[in-house]
2 protein chains.
Amino acid sequence: MQNLTLGHGAGGRLTAELIESIIGTGFSSGPGGDREDCALLPEGLAVTIDSFTVTPRSFPGGDIGSLAMCGSVNDLSMRGVRPMYMAMGVVAEEGFSGEELENIMRSAASVCRELGISLVTGDTKVMPKGQVDGLLITTCALGRPETDRTLGASNLRPGDAILLTTSPGRHGASIAAARYNLKTASLFSDCAPLWNLVEPLLSFGSLRCMRDCTRGGVGTVMCEWSEQASLGIDIEEKLIPRNDDVHSVCDLLGFDPLYLACEGCAAVAVAPEDTEKTLVVLRSNPLGKEAALIGYVTAEHPGMVGMRTLAGGKRLVDMPVGEMLPRIC
Amino acid sequence: MQNLTLGHGAGGRLTAELIESIIGTGFSSGPGGDREDCALLPEGLAVTIDSFTVTPRSFPGGDIGSLAMCGSVNDLSMRGVRPMYMAMGVVAEEGFSGEELENIMRSAASVCRELGISLVTGDTKVMPKGQVDGLLITTCALGRPETDRTLGASNLRPGDAILLTTSPGRHGASIAAARYNLKTASLFSDCAPLWNLVEPLLSFGSLRCMRDCTRGGVGTVMCEWSEQASLGIDIEEKLIPRNDDVHSVCDLLGFDPLYLACEGCAAVAVAPEDTEKTLVVLRSNPLGKEAALIGYVTAEHPGMVGMRTLAGGKRLVDMPVGEMLPRIC
């Protein structure tokens, strides 16, 4: 195993390698071995886990508390699993403000209340001053699958439509703006729980898979899907919903919006004949009002993702290797 | 909410207050609201979560990998839940040794293999150098209750026997010895998965509850039980299995073995008539060969724990408020 670099935590190629190395030390990956965002257990529950290290802890549109809940809720939602229970591990630095912790927990509790989720178990640890920066939250969410079909990238077929539920990169751009003191009054993280947005899609037999575009952004999800399905994906830059503030931040800092983290933006793949019907459902929810078709699955160039650029050329969308913004989530 | 002190992470009085404050920010605690070590879900699974920050990461008898697995496995086992699935969140410092991570994961995987546990989902984050000390692991374990009865402190009745499965404090003393460079060649952490030890007790209708004595040690478990059951507990110091190395470390450093952390020592409460039968079963497993009766539940002094000392006096066993050894688990 390599020594760890920031890239190993970026959600791209190195993270995938790290995960394979960890599993390779002798773990059985059991019924969750399909490398999707959550594991479907034979007992009829599904489970996912995520650790959150975001800095700053509070940002326009959310904080580490709401983020930790949304992140795990969304990992369940993408597989058609209704979020029901939460387990939470909190690691805090000695001297951490009680008032700030209370605000963060209030924000986390509010996401849980909105979705009817119970906090069933938890753990708190305090590390001596200087041994951890502020506060880390790990959330493990559990829920009940609301569809009999197993949603996942292995369902993808050539011709399938790829939709995006909103403009990508708002979480990453908000964190970057907060960290670099950029003035962007109208830019907010997209941090939101997506269960209510995607639940109505579960009755569509044409739904193939969904994935929230967190670390690594839309680009990474497209690469993961094409690799997992051994199919190609073609997307068009001009079809991707655009947020001008995100593009301004990217222009200033040299980031690519395609790889910027989202926390309330999902990629949805459906059989082509149901594209319009799916868009109508997504757009009826405020979180999906910008939903758009951005491309198609193809039998050509399996395992590779191409993008027709605004300039009309075609470029390869590759999985990112390094890390643009550490501690984005 | 108060600003956080190391005592808030020590597993005693302040930790209990912190947990109540967090829940008080607006969480529903749902079906897991009985403050036991794991939550029993109506779907027939149970879940527990724990974050591990131990330093040094490797110690005689284990490392943070085996500890993280044993800690969560034991929280399930104490409620009669067979550990089956594990979710793991890893937060590492940039530059962390790949070789060390591999050894730690091998050690974690070996505990899982021993018990037939699958690692069903996971997450990895890397924080920039200096922002977290080395490696933190959060484990969320899931399993199936193997008894129809709900094991918990509310089952305690006056007269019940309190047993201890082994000599307490070996984990805490090992960590202290490693941290202060004390020479103790024969002292090892008791870190071990306890499922196989306690599973045979589940068929005893006389079994009231079990609790592994982790942070806060045996003393804290006794205090929690007496408070949760609104009953008194009387224990005898001379009946507590004794490890001479633990006592040497305690004498040198001024610790009380009663409050030192264990990671493979459980308190077991049974109806008095089954005391001997329970001890025979426990002693048939190498992890329980020192098992002993250490005291009884009493209707007197509800909510308080008394200990007859070696000197023959009686003292109050109170819940610890401060922190003897931060980052013990």
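## Basis of the model

The model is predicted; local features need pLDDT of at least 70 and side-chain atom pairs pLDDT 80 or more, while totals for chains, interfaces and linings use all residues. Residues are numbered from 1 along each chain as its sequence is written, with chains lettered from A and ligands numbered from 1 in the order in which they are written.

## Fold of chain A

Chain A holds eight helices and 14 strands. These elements are DSSP runs, numbered from the N terminus: helices are H or I with at least four residues, strands E with at least two. The radius of gyration is 19 Å, close to the 20 Å from the globule rule for 329 residues, so chain A is as compact as a globular protein of that length. That radius is taken over C-alpha atoms, and the rule is 2.2 Å times the number of residues to the power 0.38. Along the principal axes, the C-alpha atoms fill a box of roughly 55 × 50 × 45 Å.

Of the 329 residues, 59% count as buried. Buried means 20 or more other C-beta atoms within 10 Å of the residue's own; exposed means 12 or fewer, and partly exposed lies in between, with C-beta atoms placed from the backbone. Take the contacts in chain A between residues at least 6 apart in sequence: 85% join residues at least 24 apart. A contact needs C-beta atoms, placed from the backbone, within 7 Å.

## Backbone exceptions

Most residues other than glycine have a negative phi, and most peptide bonds are trans. A cis bond joins A:Thr55 and A:Pro56, with omega about 0°. A:Pro56 sits in the loop between β2 (46-52) and β3 (58-59) of chain A. In chain B, the bond from B:Thr55 to B:Pro56 is cis, omega near 0°. B:Pro56 lies in the loop between β2 (46-52) and β3 (58-59) of chain B.

A:Asn181 is not a glycine, yet its phi is positive, about 55°. Its place is the loop between α4 (170-179) and α5 (195-198) of chain A. A:Asn181 counts as exposed because it has 6 C-beta neighbours inside 10 Å.

B:Ser230, also not a glycine, has a positive phi of about 50°. The loop between α6 (217-229) and β10 (232-236) of chain B holds B:Ser230. With 12 C-beta neighbours inside 10 Å, B:Ser230 counts as exposed.

## Contact between the chains

Chain A gives 73 residues to the contact, and chain B gives 73. On the side of chain A that touches chain B, elements supplying at least two residues each include α1 (13-23), α3 (98-115) and β6 (118-127). The residues of that side divide into 35 nonpolar, 27 polar and 11 charged. Here Ala, Val, Leu, Ile, Met, Phe, Trp, Tyr, Cys and Pro count as nonpolar, Asp, Glu, Lys and Arg as charged, and the others, Gly among them, as polar.

How values were computed:
Contact = placed C-beta atoms within 7 Å.
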